[in-house]
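Student: I am new to this one and would like to learn how to read it. Could you take me through it step by step?

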Amino acid sequence: MRHFFRRKSSCQIAKDRLKILLISDRVNCSPEIMELIKTDIAKVLSKYMKIDSENMEIQINTKGSKSGRGKMPSLYANIPIMDVSAQDVAK
């Protein structure tokens with residue numbers, strides 16, 4: 001349980017910021033927008049399950065499309081799920 005309250009080292013924080021910068025550069029999106037996307041995804045998923053938002057990773061890759069229209073960006077998210085039991089959802 002202690003690892004949930006542990007602060008990230010400055011090295012880990014710098015590494016995370018560099019990842020966000022590299023990803024945002026690939027898709028012409030500012031680091032601030034990428035961070036907002038990451039926060040929004042975490043907020044939505046947290047309504048339905050308990051996730052480890054501190055260790056989630058988001059990547060944007062470009063691959064050729066099947067329709068032959070050139071390269072299209074794709075969003076990939078690696079989000080550690082801590083508990084999948086139903087959360088209280090406001091109806």
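**Reading the chain**

Tutor: Buried means under 20% relative accessible area, exposed over 50%, and partly exposed in between, with a 1.4 Å probe and protein chains only. Please keep in mind that this is a predicted model, in which local features need pLDDT of at least 70, side-chain atom pairs count only at pLDDT 80 or more, and totals for chains, interfaces and linings use all residues. Residues are numbered from 1 along each chain as its sequence is written, and side-chain values use heavy atoms, with hydrogens and water left out.

Student: Where does Asp 83 lie?

Tutor: Helices (H or I, at least four residues) and strands (E, at least two) are DSSP runs, numbered from the N terminus. Asp 83 belongs to strand β4, residues 81-83. The chain as a whole has two helices and four strands, in the order α-α-β-β-β-β along the sequence.

Student: Which residues is Asp 83 in contact with, leaving aside neighbours within four places in sequence?

Tutor: Contact means heavy atoms within 4.5 Å. With those neighbours left aside, Asp 83 is in contact with Met 49 and Lys 50. Lys 50 is 33 residues away from Asp 83 in sequence, yet their C-alpha atoms are 5.0 Å apart. Across the chain, 45% of the contacts with a separation of 6 or more are between residues 24 or more positions apart.

Student: Is Asp 52 buried or exposed?

Tutor: Asp 52 counts as buried because its relative accessible area is 15%. Asp 52 sits in the loop between β1 (50-51) and β2 (57-64). Beyond its neighbours within four places in sequence, Asp 52 is in contact with Pro 80 and Met 82. From C-alpha to C-alpha, Asp 52 is 9.5 Å from Asp 83.

Student: What joins the side chains of Asp 52 and Asn 55?

Tutor: A polar contact is a pair of N or O atoms within 3.5 Å; within protein, one must be able to donate a hydrogen and the other to accept it, and residues adjacent in sequence count only if both atoms are side-chain atoms. The side chains of Asp 52 and Asn 55 are joined by such a contact, at 2.6 Å.

Student: Which side chain of opposite charge is nearest to Lys 38?

Tutor: Lys and Arg count as positive, Asp and Glu as negative, while His and the chain ends are not counted. A salt bridge is a side-chain nitrogen of Lys or Arg within 4 Å of a carboxyl oxygen of Asp or Glu. For Lys 38, which is buried and has no salt bridge, the nearest such side chain is Glu 35, 4.9 Å away. Lys 38 is part of helix α2, residues 31-46. A polar atom of its side chain lies 3.3 Å from the backbone oxygen of Met 56.
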